[in-house]
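Trainee: I would like to learn how the words used for a structure follow from its values. Could we work through some of them together?

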Amino acid sequence: MAVKDIVDALRDVTVNNMRLSELIKDIKLIGSNLEIVYRLPQKGLEEEIKQKTYQALENIPEVKTINIRFAEGVPEVPPAFTRRHVEGVKHLIAVGSGKGGVGKSTVSVNLAVALLKQGYRVGLLDADIYGPSIPTLLGVKGERVHVDEKNKLIPVEKYGLKVLSIGFLLPSEDTPVIWRGPMLMKALTQFLFDVNWGELDFLVLDLPPGTGDVQLTLAQNVHMTGAVIVTTPQDVALADVRKATSMFKEVNVPILGVVENMAYFICPDSGKKYYVFGKGRVLEFARAYELQILGSIPMDPEVAETSDKGVPVVIAHPESEVSKAFLGIAKLLSEKILRR
Ligand SMILES: Nc1ncnc2c1ncn2[C@@H]1O[C@H](COP(=O)(O)OP(=O)(O)OP(=O)(O)O)[C@@H](O)[C@H]1O
Ligand SMILES: [Mg+2]
């Protein structure tokens, strides 16, 4: 029985759309006594968090008693000027969404490559410490990073992109990532600030799903140009995306626009568009929040296929509708940023 199994059991439990695993500030198993310190995202949630924790762990025989405490709430938002710039990086773009599996990583990778194709110098940072997928998407799994003479991490280069993922720092693919509060934040800040990125026009940051500690810590400590919100047209995705949008607004990170992923499916036989998840919902959301839609990406089996092979679709099938959509988004986004 490892702490990891306990964290795993808490990963599927949500309170106010936040995974309990993401709220853990500290966790200790001493004999059969489990101690958890949670970050309390909002007053009044204490009882719900406790009950859900008890329920989630009741079938773990090694845990006999559970002692739950709460740390202070959401840390204060520091003013924008105290946020640190990442050395050498002109514009940092975070790619986020409240919901998992909507295509953040796919968008991050293809957006990065599309920006590269426009002639910019681009880096990609995988900040998904729970499930780093960038190494797979770029076919650089198992790569190791080295440090330079100043002890800064040297990113891996692939397709002309400078890439860094926590996946590179794990000894093997199966290593459990049990980054507890402080350790996790240290790893993340190191990732950003102790890297020899060289000179970059854009650094794309692939965020983990949700609106937890990782997103908050980054938004509070790092100077970002802004965030790109990825969503699919489903109601379940949009509900979470509203939360993410509010979070970015609360911490004063400008939202650069919305990418609608899996917007429609083009029938290969007839060329007809099918709006599988419905049409117009993302537009409605964008209007309500006064956000720009940067582009709509169709659903295309080749996206998943090329991803598994480690070749972004923008490189594997540059003429496809999906790739054109990504190139359009990169163009709009870069122009918007450089105009500011
Ligand atoms: N436009 C698309 N057409 C077809 N498949 C897609 C499309 N976009 C993403 N996918 C597939 O959907 C799955 C989820 O995508 P991805 O991993 O990018 O999502 P994510 O939001 O980063 O997920 P997580 O929350 O786990 O980090 C992958 O299998 C990916 O290949
Ligand atoms: Mg992802």
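Trainee: At what angle do α4 and helix α12 pack, and how far apart are their axes?

Mentor: In this predicted model, α4 and helix α12, which covers residues 321-339, pack at an angle of about 70°, and their axes are 8 Å apart.

Trainee: Why is α4 called roughly perpendicular to α12?

Mentor: Angles of 65 to 115 degrees count as roughly perpendicular, and the angle here is about 70°, so α4 is roughly perpendicular to α12.

Trainee: Which residues make the contact?

Mentor: From α4 they include T106, V107, N110 and L111, and from α12 they include F326, L327, I329 and A330. By class, the residues of this contact divide into nine nonpolar, three polar and one charged.

Trainee: What makes the pair formed by T106 and ligand 1 a polar contact?

Mentor: A polar contact is a pair of N or O atoms within 3.5 Å; a polar side-chain atom of T106 lies 2.5 Å from an oxygen atom of ligand 1, so this pair meets the cut-off. For G101, a polar backbone atom is 2.8 Å from an oxygen atom of the ligand, and for D300, a backbone N or O atom lies 2.9 Å from a nitrogen atom of ligand 1.

Trainee: How much of ligand 1 does the protein bury?

Mentor: Taken alone, ligand 1 exposes 630 Å², and the protein buries 75% of that.

Trainee: Which element gives the most to the shell around ligand 1?

Mentor: That is α4, with three residues, while the shell by class has eight nonpolar, six polar and three charged residues.

How values were computed. Residues numbered from 1 in each chain as written. Chains lettered and ligands numbered in written order. Predicted model: local features only at pLDDT ≥ 70, side-chain atom pairs only at ≥ 80, totals over all residues. Heavy atoms only, no water. Polar contact = N/O pair within 3.5 Å; in protein donor to acceptor, adjacent residues only side chain to side chain. Areas by Shrake-Rupley, 256 points an atom, 1.4 Å probe, with all protein chains shown as cover. Helix = DSSP H or I, 4+ residues; strand = E, 2+ residues; numbered from the N terminus. Nonpolar A, V, L, I, M, F, W, Y, C, P; charged D, E, K, R; others polar. Axes fitted to C-alpha atoms, helices over the stretch in contact; angles between N-to-C directions. Parallel < 35°, antiparallel > 145°, perpendicular 65-115°, else oblique. Contact = heavy atoms within 4.5 Å.
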